[in-house]
Every structure is written in C-alpha cells, then in structure tokens.
Amino acid sequence: MTSYTYTFEDIRDRPVAVIGAGTLGRRIALMFASRGGAVRIYARRPEQRAEAIQYVTDTLPTVLQDRGFGEVGTVTGTGSLEAALDGAWLAVESVSEKLEVKIPLWGEIDRAAPPDTIFATNSSSFPSRLMTENIRDKTRLCNTHFYMPPQINALDLMSDGQTDRGLLDTLLTVLPEFGVHPFEARKECTGFIFNRIWAAIKRESLAVVAEGVARPEDVDGMFKVNWGVPAGPFQMMDMVGLDVVLDIENHYAQEFPHLPKSVRDLLQSYVDAGKLGIKTGEGFYTYARS
C-alpha cells in the first residue's frame, strides 16, 4: 500500500504541480515557490502560463521579505500534464468550479501522476468525494481550499471520506513551511469551515445591494471602518472573479434551495455583461487595465 506520509525534508527537493493558472492557481504556485523548490504550472493556453509565471516572479521577492523566511524557487509552465506531474509530491487542482470539468480532469491526473503523489483540489465548495469517480486510489485525494494568498493564508483541509490519515497529517505539518496555515474540517461540509461562514456574509452583502438598500461601496466602506479590514466583500468578490462567485452560489443553491434567487440574479447580470471583476477590468468596481 502506498504511503502518503512525508516530512518537509522528504519533499523539499520534489516539485509541486499546480493544475490551473487562473487567479488562485498562480497564487498557490507562488506559495509553493517560496521555499526554494520547483513548481510547475499546467494550463492549456500559453498566454495564461506566461501571465502566471510573471505574477510569481514579480510577487515572490516581496512575499519573502514580508514573511521573513524562505528562498526563491523556480516556476515553469507546461501544456503537458505528464511533464507537470513528473516526480511531483503534490498536485493541486485549481480549475473552474464545475464538476463536469473537475471529474474528467482528475482521471487524466490519476493516469499521469506518480503513484505517491498527493492529490488536492482547491474547490471552493465541492467536497472532494464528488471528484473520485476516475481516481483509482481514493485515499490520496482531499480538499485543500486556499483563500487569497499571499494576503490571506488560511486553508480548509477536508477528507474525501477515505483520505489516508497520514496524508492529512502530512499537510497539516508541511503546509506551514510554505506560509500556508491549514485547519481541518472534522466532517464533510459544503463550504468547509470559513468558506461556509464567508458565504453567508457574502450572500447578505449581495442581498442588500440587490434589494436597493445599499451600494457595493457602502457595504465595503462599513466593513473597512467597523472591522479595520483593507477590503470589503464586493472588493473580495471582484478579486476572485464574479463568474467563480456565481458558480459557487449556484452550487450552494442546489444543496440549499431556500437561498434567495435575487443574489444569483444580481451576479448573473454582471457575468452576462462580461463584468467579472479585476480580471476583465470591471465588476462591482472599475479597474485600470495593466
């Protein structure tokens, strides 16, 4: 039986594969490149790989300076899953929040990965149990939900129901070496720990805007004044991408049909207009295009 129990010394010279180069994928790659090791980013589009590599290259020195430990690692991009996964101790999937995308992709990853690679999905709401269909050894998969590194570095860790206990203990021990702080959900939960709480805050914020009670800048302004945070819910949603936020809300609505439709309708109107947030230059706010 394959062991997925590692120490930091066991894996520090082995690469990490990040599958997906979007807003979160590139930030996940950034954190794993902060201890001098190799990170490989898999994405089909060359321009997305190039943008992700540039982001890591530009941001990593500041992360190390602010954090006070670590060293610059190497980050490369590839359009080959086999090349990305070669020798990897960990594969983190961070693609669109759609099971019809994730399930077949995990089958491809399973066929290409070394037998001792840990599998982790960065899904924002789906339990990893729902992605195991094409994975032969279901004890190697778990949820690792990153928030918005390098600024927000907590992580939800959750079993797929069969995940090897040593694997979970490995991630609890090793991830802090990369400046990421895992917290384990003790039972399966849509939204895990913090994301379930954040979903309620986000949903009520959207509701007061959908109902005409307030503007996005009013809600964000009150969060910043009252809690001293640098960004409010609408700024955070613009950072994540409103298409991603809508996918997550649609998933919650399937599981909890009582949730208000007006919230999803508001998000849908922005998505239909191509206003997805920072990545398109406009969402709830307008951004200067780089």
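Helices (H or I, at least four residues) and strands (E, at least two) are DSSP runs numbered from the N terminus. The model is a predicted one, in which local features need pLDDT of at least 70 and side-chain atom pairs count only at pLDDT 80 or more, while totals for chains, interfaces and linings use all residues. Residues are numbered from 1 along each chain as its sequence is written, and side-chain values use heavy atoms, with hydrogens and water left out.

Within α5, the buried residues are L99, K102, I103, L105, W106, G107, I109, D110 and A112, where buried means under 20% relative accessible area (1.4 Å probe, protein chains only). Their cover includes β1 (16–19), α4 (81–85), β4 (90–93), β5 (118–121) and β6 (141–148).

The sheet itself is open and mixed, with eight strands in the order β3-β2-β1-β4-β5-β6-β7-β8. Its edge strands, β3 (74–78) and β8 (181–184), each pair on one side only; pairing requires at least two DSSP bridges between two strands. Strands β1 and β2 (residues 38–42) run parallel and are joined by four bridges, with V18 opposite I41 of β2.

Strand β6 contains T144, which counts as buried because its relative accessibility is 3%. Beyond neighbours within four places in sequence, T144 has contacts (heavy atoms within 4.5 Å) that include V92, A120, L155 and L171.

Notes: Buried < 20%, exposed > 50% of the residue type's maximum accessible area, 1.4 Å probe, protein only.
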